[in-house]
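Subject: Structure handover

Hello,

Here is the structure I promised to pass on. Please open it first; my notes follow below.

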Amino acid sequence: MFLDRVDLYCKAGDGGDGCASFRREAHVPRGGPNGGDGGKGGDVVVLADVNVSSLAHLIGHKHWNGEKGSNGQSSQKTGKNGEDAIIMVPPGTLVLDSKRGHLLRDMKQSGDRVVVAKGGNRGRGNRHFATATHQAPREFEHGGEGETRDISLELKLIADVGLLGKPNAGKSTLLSRLSKAHPEIAAYPFTTKYPNLGLVRVGFDHQFVVADIPGLIEGAHAGVGLGHEFLKHVERTRVLVHLVEPSPMDQTDPIQNYRQIREEMRLYDPSLMERPEIIVITKSELPDAAPVAELLEEELGHPIMQISSATGSNLDQLVRMIIDELQKLEVEA
């Protein structure tokens, strides 16, 4: 199952206790206090790393604990600081406070980090409590308690390219032809319930991640079916490839299907209408493909590419168009 959101419980390490001890040496009858401080508790840190591509590695690891700081020792020896707990996430992850609901950090680039739970302060040893009138203090401090926090990690950008269309439009088949992904494919709609991701490599210079977005249906903007989940995935892609099936199994009008999906996107988030979109007619080996392409060209006022995942027709040209659109976005950024 695709994982684009995960909830975690974070507990930073407690600080180490200070030490109450006194200097003891031969011929030094009144050695003063020499208790060392405890170590600081380890933080819980979220770190973005370009080598991490998803949140799947966090399945089964819901609790993250920083290490407790070591206690101080005699001879003014400070305890060891606790090790930080590092949660690795891909760039493009939102770190949210689950209970308060506010954004802690948008991890935009590799190397971005945020401390979500701060380790407890070190406890002071008894040497800190010595005064002119209190030269043999036995007081010391316990280490501070580490913070706790419930956080949610949510992928803001799941892929460079999102494949969208009506159920059974051929999105999963196209993904399997462009990449090494192996999504479930069947001759009935709604075989894809979660986005499938695939990496497309073009020579040594270009690569991009493609997401097979589950089929959108009427009323998705209002939450019909899993509408909000589906549209949220669309929102997290940079370029859209809209697949129009020329002969839908349900006998619906392919042009109207295209309009309907665009309307669902507009109603959910009007800014999605400005997202770069490549429109293609799938299954070009079918006799209805060319007439549907002509009708869509008349409506939109520009040429519409016809592709076939079965025969491989025009797939190279589609990849080239995708790369061009992604490069335009990089220039604009």
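Which residue forms a salt bridge with E141? The partner is R124, with the closest N and O atoms 3.1 Å apart. The two lie 17 residues apart, E141 and R124 each in the loop between β7 (113-117) and β8 (148-155). E141 is partly exposed, at a relative accessible area of 28%. R124 is partly exposed as well, at 35%.

Please keep in mind that this is a predicted model.

More on salt bridges. The whole structure holds 18 of them. E245 and K283 form one, at 2.8 Å from N to O. This pair links distant parts of the chain, 38 residues apart. E245 sits in the loop between β12 (237-244) and α3 (254-268). K283 sits in the loop between β13 (277-281) and α4 (289-300). E245 counts as buried because its relative accessibility is 9%, under the 20% limit. K283 is partly exposed, at 23%. There is also a network: salt bridges with shared partners join R5, D7, E154 and R236.

D97 pairs with R100, the closest N and O atoms being 3.2 Å apart. Here D97 is buried, at 2% relative accessibility, whereas R100 is exposed, at 65%.

Now the helices. α1 (residues 171-178) packs against α5 (residues 315-332) at an angle of about 85°, with the axes 11 Å apart. So α1 is roughly perpendicular to α5. L174, R177 and L178 in α1 meet L315, L318 and V319 in α5. By class, this contact has five nonpolar residues, one charged residue and no polar ones.

Best wishes

Key. Residues are numbered from 1 along each chain as its sequence is written. This is a predicted model: local features need pLDDT of at least 70, side-chain atom pairs count only at pLDDT 80 or more; totals for chains, interfaces and linings use all residues. Side-chain values use heavy atoms; hydrogens and water are left out. Axes are lines fitted to C-alpha atoms, for helices over the stretch in contact, and angles run from 0 to 180 degrees between N-to-C directions. Helices (H or I, at least four residues) and strands (E, at least two) are DSSP runs, numbered from the N terminus. Angles under 35 degrees count as roughly parallel, over 145 as roughly antiparallel, 65 to 115 as roughly perpendicular and the rest as oblique. Contact means heavy atoms within 4.5 Å. Ala, Val, Leu, Ile, Met, Phe, Trp, Tyr, Cys and Pro count as nonpolar, Asp, Glu, Lys and Arg as charged, and the others, Gly among them, as polar. A salt bridge is a side-chain nitrogen of Lys or Arg within 4 Å of a carboxyl oxygen of Asp or Glu. Buried means under 20% relative accessible area, exposed over 50%, partly exposed in between (1.4 Å probe, protein chains only).
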